[in-house]
Amino acid sequence: MNLERLPNEEKLTLCRKYYLGGFAFLPFLWLVNVVWFFREAFIKPAYTEQLQIKTYVQRSAVGLLLWVAVLTTWITIFQHFRAQWGEVGDSLSFTIPRGTP
Amino acid sequence: MDLLSDKWIVNVVLCLLFVGNCNSVEKKIYINLNETFPCVRLLNATHQIGCQSSLSGDVGVLHLLESEENLDWVLRTGPNPPYMVILESTLFTRYRPCSLKNGSSRVAGVLAVQPTSNPPEGFSPHTSCPNENTGVYSETYGPSYAHCNVTMWNPLGTGISYEEFDFPIFSVKDDNDTEVIRRCYMEHNRAVNGSTPQYPLCAMQLMSHMAAVTDTATCMRRNAPTFSLAPDGVCDPLGDANIWASTKPLNSSTKGHKDGVSVVIAATKLDSRSFFFDVAPGADSAATGLVALLAAASALHNATAELNRTILYTFFNGETFDYIGSSRMVYDMAKNDFTVDLDNIHSILEVGQVALGPDSRLWLHSDPVSKRNSSVNVEPNVTQPLPPSSFQRFLLERPIPGVVIENHQTSFTNKYYQSMFDNAEYLKLNYPPNLTPEEQLELVTDSAKALTEVATTVARGLYLQAGGELAQMSRIQADSELVSKMLYTFLVRVNNSWFDQLVKSDWTGVLSELMLYEINTSERKVKTTEPALMVQCILANLTGSIANITEVYFCPFSSPNFLFLCCQIYSYLWVQGPVRPNSTERDSFCVRSLVRQSKALSPAFELSEYTSKNYSTWAESRWSAIKGRIFLVASHDLEMLTLGVGVGVLLMSLLLTYIVSSKADILFSSGREPTNATY
């Protein structure tokens with residue numbers, strides 16, 4: 001979808017939909033929001049809806065960073081300690097490697 | 001079109017002509033090792049033992065360990081780690097793999113070449129105090145005898161069978177394949193006069209990836225994971241079948257205590273092991289005791305009618321791994337799930353290792369702790385504990401009187417206990433090589449004669465224990481030809497004319513050339529393996545009687561595997577019988593006997609107590625492929641260079657394509673002639 005051809009109000013609704021959608025445990029929507037609307041929010045010359053688009057993009061970026069931090073921490077802990085957790089580790093795993101603890 | 005089809009036909013014909021020489025590239029690079037015996041992973045409640053390789057096999061540069069000094073090359077000075085160490089036959093036994101374990105980042109694996117004759121100094125990979133945690137002696141029962149405080153039963157034991165290695169260890173026989181490996185080493189890998197060997201070097205890859213880890217509880221849990229759609233098991237508990245037979249009919253459908261029945265148990269074990277998988281000849285540790293008991297059963301066959309006590313011949317399976325078979329039978333008896341129970345047992349006579357040399361004697365061992373009311377004639381030395389034996393598991397439940405017959409007074413005289421060298425050569429079953437297999441079968445060796453005397457002693461002892469009269473004892477005599485044939489069958493070659501007569505005809509293909517005893521893995525439903533089935537057939541023939549049935553169809557439940565399910569009292573077996581002279585037909589018949597199987601799976605798996613300290617918790621890991629191959633490897637630098645050149649060519653071609661496409665209109669503009677629309 002080419003943002004060039006959309007009128008500004010539709011850009012705003014699109015940005016808002018992606019921002020609200022990301023709250024349903026969908027951080028990738030926030031990632032898409034940030035990447036896609038970055039040029040619109042910060043680089044294009046000002047227009048009326050740009051301020052709101054800018055806030056949405058900023059909040060999406062904050063949410064994204066939070067998710068990245070939480071997921072990275074959990075993944076690191078799990079990969080490191082799964083073997084030591086014994087039964088709990090096995091019940092949390094979908095695929096258990098064969099031959100190594 | 002004609003030209004094309006002609007070319008095509010010519011190509012096909014050429015390829016077909018050369019199809020014999022159409023070697024695949026793989027065959028030109030790799031030489032596969034044909035017959036290898038790996039060391040596999042076993043797990044128990046607390047540990048994992050055995051060897052593990054990486055998922056796609058471990059690769060290492062070959063190094064032939066000719067003497068102990070060469071080990072430095074592998075561990076420290078060699079320039080091309082990791083190394084695949086080949087242990088020649090003399091070093092394999094003398095050499096403790098512990099130092100190889102310490103340098104395991106530079107050791108990719110070990111290939112041990114089996115010696116052609118047994119090492120004279122003895123070798124035992126088993127522990128020096130076998131089954132010390134599951135015997136009867138513990139802190140609560142004879143604490144001064146626990147953990148071999150008084151007598152170290154297996155002094156030559158190094159315990160390497162119970163250690164854990166993180167590289168694969170394989171064993172090969174010393175034959176043509178091994179010569180190829182040695183030649184490859186001599187041509188490429190040998191360091192001549194201090195110079196380092198140059199690439200390409202001969203390397204070997206050994207693959208024996210084991211799926212199970214940590215301990216039995218973990219692997220049994222992973223056998224059935226919560227999320228998996230089609231779970232692939234990772235391990236199997238060790239289990240097989242015990243074989244038992246009684247001299248008087250006992251109704252199997254009523255379990256538990258039987259009034260008025262007094263039983264003398266004649267026990268022995270029928271399994272063995274070694275460091276490597278599927279190599280377990282077990283000549284002295286298992287075969288002698290089992291043949292002696294079978295011969296005793298045959299000798300007593302005609303005399304048992306007048307005895308007032310019943311003799312129960314039991315052949316326990318899995319005794320090597322913490323008494324799997326006997327603990328299961330005792331558990332069943334205590335739970336009233338067996339034909340008789342512990343109160344019916346009058347006494348126990350166990351036959352242990354009974355190989356007798358020219359100046360060895362038989363010794364009776366008994367338990368110094370239990371109060372005995374036994375009526376055994378000989379009073380053995382009472383300050384020594386029992387050797388590792390199935391009798392100990394019975395003592396854990398009740399103080400039953402009993403003795404264990406062995407050929408050693410204190411420590412084992414068997415120099416090769418639970419190793420691959422405990423074979424026919426150790427028992428001195430020397431058959432002259434110029435005899436045919438038939439003549440070898442008929443030859444009665446000295447060892448067979450000695451074992452016949454043991455069998456006679458056992459039979460007479462059982463006769464007296466079961467209430468026979470002393471005066472009648474001398475007519476019980478074991479048959480030395482039978483003993484010799486059984487020893488030949490179990491230790492030299494299964495495929496012989498005597499054993500062929502005993503098995504059903506569709507069975508002969510299943511048994512392999514040489515007998516191997518090993519407790520085999522069960523997948524929750526126990527499948528009986530060769531030694532147990534063989535003992536069952538032989539025992540049925542020796543203690544049974546010919547039934548008046550002429551058709552195999554009417555010989556009910558005549559397949560040995562049905563003996564789990566069948567019959568209240570009698571079991572039947574269809575026997576091939578001897579070949580009629582001048583024809584290939586056989587006089588087959590149906591034998592009715594009192595032989596039965598019972599499950600030999602540790603109670604820990606029945607109760608799902610995988611961390612049990614009382615019962616055996618041994619399980620064997622599963623694996624996908626076990627193979628080895630040798631090939632030449634190039635140096636790492638050459639590999640990197642080839643990769644670099646390839647990547648460079650790729651980048652160059654991309655660059656060239658980009659340049660050509662951006663200047664395409666200049667390069668390709670000429671030569672365009674106006675077309676004449678003539679068609």
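About 190 Å³ of space lies in the largest cavity of this predicted model, a cavity being, on a 1 Å grid over the protein atoms alone, a set of points where a 1.4 Å probe fits but cannot get out. The volume is the space filled by probe spheres set on the points, which are joined across faces, edges and corners. Of the 21 residues lining this cavity, those closest to its centre are Lys269(B), Glu350(B), Pro388(B), Ser389(B) and Tyr417(B), where a lining residue has an atom within 4 Å of a point. Two or more lining residues come from each of β13, α8 (283-300) and β15 of chain B; such helices (H or I, at least four residues) and strands (E, at least two) are DSSP runs, numbered from the N terminus.

Among the 17 residues that line the second largest cavity, Cys129(B), Glu132(B), Tyr137(B), Trp153(B) and Gln392(B) are the closest to its centre. The table gives both linings by class, with Ala, Val, Leu, Ile, Met, Phe, Trp, Tyr, Cys and Pro counted as nonpolar, Asp, Glu, Lys and Arg as charged, and the others, Gly among them, as polar.

| Cavity | Lining residues by class |
|---|---|
| Largest cavity | 7 nonpolar, 10 polar and 4 charged residues |
| Second largest cavity | 12 nonpolar, 4 polar and 1 charged residues |

The model is predicted, with local features needing pLDDT of at least 70 and side-chain atom pairs counting only at pLDDT 80 or more, while totals for chains, interfaces and linings use all residues. Residues are numbered from 1 along each chain as its sequence is written, chains are lettered from A and ligands numbered from 1 in the order in which they are written, and side-chain values use heavy atoms, with hydrogens and water left out.

Strands β13 and β15 also belong to an open sheet of 7 strands in chain B, with the order β16-β17-β15-β13-β14-β12-β21 and mixed pairing; two strands pair if DSSP finds at least two bridges between them. At the edges stand β16 (363-365) and β21 (595-601) of chain B, each with a single partner strand, so one side of each is left without a neighbour in the sheet. From one strand to the next the twist averages 25°. Within the sheet, β13 (residues 263-269) and β15 (residues 345-351) of chain B are parallel and share 5 bridges, and Ile265(B) has Ile348(B) of β15(B) as its bridge partner. Helix α12 (residues 446-465) of chain B packs on the sheet, touching β13, β14 (310-316), β15 and β17 (402-406) of chain B, and its direction makes about 175° with that of β15(B). Contact here means heavy atoms within 4.5 Å, and angles run from 0 to 180 degrees between N-to-C directions of axes, which are lines fitted to C-alpha atoms, for helices over the stretch in contact.

Some backbone details lie in loops of chain B. Gln418(B), in the loop between β17 and α11 (437-442) of chain B, has a positive phi of about 55° although it is not a glycine, and at 1% relative accessibility Gln418(B) counts as buried. Asn582(B) likewise has a positive phi, near 65°, but at 84% relative accessibility Asn582(B) counts as exposed. Buried means under 20% relative accessible area and exposed over 50%, with partly exposed in between (1.4 Å probe, protein chains only).

Terms used. On a 1 Å grid over the protein atoms alone, a cavity is a set of points where a 1.4 Å probe fits but cannot get out, and a pocket is an open set with protein on both sides within 12 Å along at least five of seven lines; lining residues have an atom within 4 Å of a point.
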